[in-house]
Amino acid sequence: MRAKKTEEEEDKKRTAAVFSVDGMTCDSCVRNIQTQIGIAEGVHVVQVSLKQKVALVGYDPIQTSAMELEKRINEMGFVAKFKDHNIRFLVLHVERINSNEIANSIERKTTSIGRGGGGGVGGSGTVFICRASVADNTVKIAYNPLRTTADVLAATVTDCGVSVIYATEFPIGDDDVTTTRTVTVSIEGMTCQSCVRNIESVVSAEPSVKSVKVSLEKKEGVIEYDPKTIDAERLRTMIDEMGFVSSVSSTNDSTALLREEQEEEDKTVSLLVKGMTCNSCVRNIEGTVSEMGGVVSVKVTLEAESAVVRYRPLLIGTSEIRNRIDEMGFECRITSETHQINDLSKVYLKVSGLHEEHDVVAVEKALQQVVGVHKTSTSFEVVEVLYLPQSVDVASIQRVITGQGFASVVVQNIGTGEGTTKQISKSPSSVSKSLIGLSSEDDGDLEKCFIRIQGLTCASCVAAIEKHIKKVEGVRSILVSLMAQKAEIKYDPAYIMDSQIASHINELGFPASVIEDAVATNGEVHLNIQGMTCASCVHAIESNVLKIKGVLTASIALATNKGRFKFDPEMTGARAIIDVINKLGFKASLITDHNRGSNLLDHRAEIQKWRRSFLISLFFGGPAMAIMTYFMMRPPCCLIIPGLNLENLLLFLLSTPVQFIGGKHFYIQAYKAMKHGTANMDVLVILATTVSYVYSLAVVLAAMILRLPTSPHTFFDTPDRKSVV
């Protein structure tokens, strides 16, 4: 009798309730409800389904009630309604669920039981939640045992074409639903035991964490936590915020209850999207798809006409994502739904100049941020990239490396297409050792040509040319410079000629011609340089540009404002030279074919600037010189106030605009020169005039303060003489 009474008391503590919840739109709503209700007094477990819009709450009826829980959910901004107390949980282990479509069919038919022809034993509220998993071939169902039975549910699943192997059933209030979970987090960046203690102390301070153990040798941490109030992703974020790089490597979930949608393994689908014309289309697709429930992330690429969507398969299917994009007016097709190792390709790139460790880290970090790149490693200037060809191509990977300031050449491409070998077992070191002599073995048969390309306006033009020319037989590599309006191409003359490559570019709609002169192959750029006034400016530019690694010679003509620079294109480029000159306070621009003759001696902007400065100086400086001459031939005039006479007052009023408005450009150029530790004629002019002006102003103010009977001799006219002369 005593045992029976204890069992009844335990059953009372295991009361569970089902609520219908309207107003949920995304995973954030799910987590919000789970967190807020999970911390309520007496609540043991909370499970929320965004797809079926219900919440299952296990609670102690002595401490709270279903009505109180319903009120709490409503106060959060949702519309909750209590449905039932009678809940059981059924897990059906089936032979095989072949696709998400079959899983969705099982869920629809099972949840329709009891709604007018589903095979249930009456009314609504028969099946609360049903989730069919393709990953582990299970169907998990929360149902009302008073309205249907496990046999009816199993028969419904079988009717969907899936054979049930065996079933397990238990009440939702069983004790094992309240157990904790353990997560293993990989942690990079730890250097000593101080790092270990720091992580353990910060993470253990979280009330929801039961225990934490960090291993410096294994570079990982094992954390036991309460899943009702915190999740593994939040724990990982806490470690990242401390300056380490962490990732969840495994999770041990001891809960026997229905698993959350967000705990299911995220999947990725690649889509081909036709009809995009600009970045506005990209932003429109990314914004709309990211708002769909169950979508974790979305990345759309305009040039590749592709979209990569990471999603949670139990919340949303690929067909829903595709249909949503179709409804927006684009043509969408699924190209790949599973990204296993067999779907990946590997490319080995020889990267010139990749010697320092910080350069290697920068390149690998940039590559790992590219959608579709799964893994990178570097050895002996050879970068190994494991990537998904449906999401990114080799040309795009090379552009990322070029953006870091290095030139790359494809030395081996191991893919999954026709004619490729699937050997994703080589290490980059083994490949790099065989490729150290690449220049003498492979590149010895290659030739390099430079092609001038007209009509390049943006990065999309560059990407289009590189993408198409890379496919031409015999072309080994191509690098297009938007600024220089030319392309550097390495090709095999046994397959193709440089003129044929130019013809291919012409067919893309860009006028192209082969640069015949040998100078281009050495790397030479001609620049217009504005703002030079003397030989000191020339020396400053030449000395600073020659400090750039890879610059061979620098020659500047002050008379024509033209500079010629030779450099090693494998180590630097025109952009680096222009940036250095601009930082010195000058304005450099590339001389191209269309401005080589017309703009070289076209100084209209410069003439207009100095003409305006001259007129302002003449307008105020002319009267100032006349006043100075007039008072030189007359006796001292009377004082307006003690220490200030009419002459000094007029000279001050007229010289101030000349000093600061007419001489503005001198101040600007002088400041830029001094900022870089150089002195030129602008510095000399500003130094002389500013000293004269400040001295004159100071002595007049001193005379006024001391109330002297005479006004001192001043040099306010010095800037006026300078500007007029």
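Which residues in helix 6 meet which residues in helix 7? Select Ile199, Val202 and Val203 in helix 6, then Leu235, Met238 and Ile239 in helix 7: these two groups meet, where contact means heavy atoms within 4.5 Å. By class, this contact has 6 nonpolar, no polar and no charged residues. Ala, Val, Leu, Ile, Met, Phe, Trp, Tyr, Cys and Pro count as nonpolar, Asp, Glu, Lys and Arg as charged, and the others, Gly among them, as polar.

Some background on the model. This is a predicted model, in which local features need pLDDT of at least 70, side-chain atom pairs count only at pLDDT 80 or more, and totals for chains, interfaces and linings use all residues. Residues are numbered from 1 along each chain as its sequence is written, and side-chain values use heavy atoms, with hydrogens and water left out.

**Whole protein**

Show the protein as a cartoon: there are 23 helices and 30 strands. Helices (H or I, at least four residues) and strands (E, at least two) are DSSP runs, numbered from the N terminus. Of the 725 residues, 45% are buried. Buried means under 20% relative accessible area, exposed over 50%, and partly exposed in between (1.4 Å probe, protein chains only).

**Helices 6 and 7**

Select residues 193-204 for helix 6 and residues 232-240 for helix 7; their axes come within 10 Å and cross at roughly 135°. Axes are lines fitted to C-alpha atoms, for helices over the stretch in contact, and angles run from 0 to 180 degrees between N-to-C directions. That angle makes helix 6 oblique to helix 7. Angles under 35 degrees count as roughly parallel, over 145 as roughly antiparallel, 65 to 115 as roughly perpendicular and the rest as oblique. The crossing of helix 6 with helix 7 is right-handed; a crossing is left-handed if the near helix is turned anticlockwise from the far one by less than a right angle, and right-handed if clockwise.

Next, select Val222 in strand 11. Val222 is partly exposed, at 33% relative accessibility. Leaving out residues up to four places away in sequence, Val222 touches Thr182, Val183, Thr184, Ser211, Val212 and Lys213. Now go to Lys219, in the loop between strand 10 (209-215) and strand 11 (220-225). Phi of Lys219 is near 55°, a positive value in a residue other than glycine.

**Helices 17 and 18**

Select residues 535-545 for helix 17 and residues 574-583 for helix 18; the axes come within 10 Å and cross at roughly 140°. Helix 17 is therefore oblique to helix 18. Ile541, Asn544 and Val545 in helix 17 meet Ile577, Val580 and Ile581 in helix 18. By class, this contact has 5 nonpolar, 1 polar and no charged residues.

**The largest nonpolar core**

Which residues have the most contacts inside the largest nonpolar core? They are Leu527, Ile529, Ile541, Val545, Phe565, Ile577 and Ile581, in a core of 23 residues. A nonpolar core is a set of buried Ala, Val, Leu, Ile, Met, Phe, Trp, Tyr and Cys residues joined through side-chain atoms within 4.5 Å. Among the elements that give two or more residues to this core are strand 26 (551-557) and strand 27 (562-567).

Finish at Asn561, in the loop between strand 26 and strand 27. Is Asn561 buried or exposed? Asn561 counts as buried, at 11% relative accessibility.
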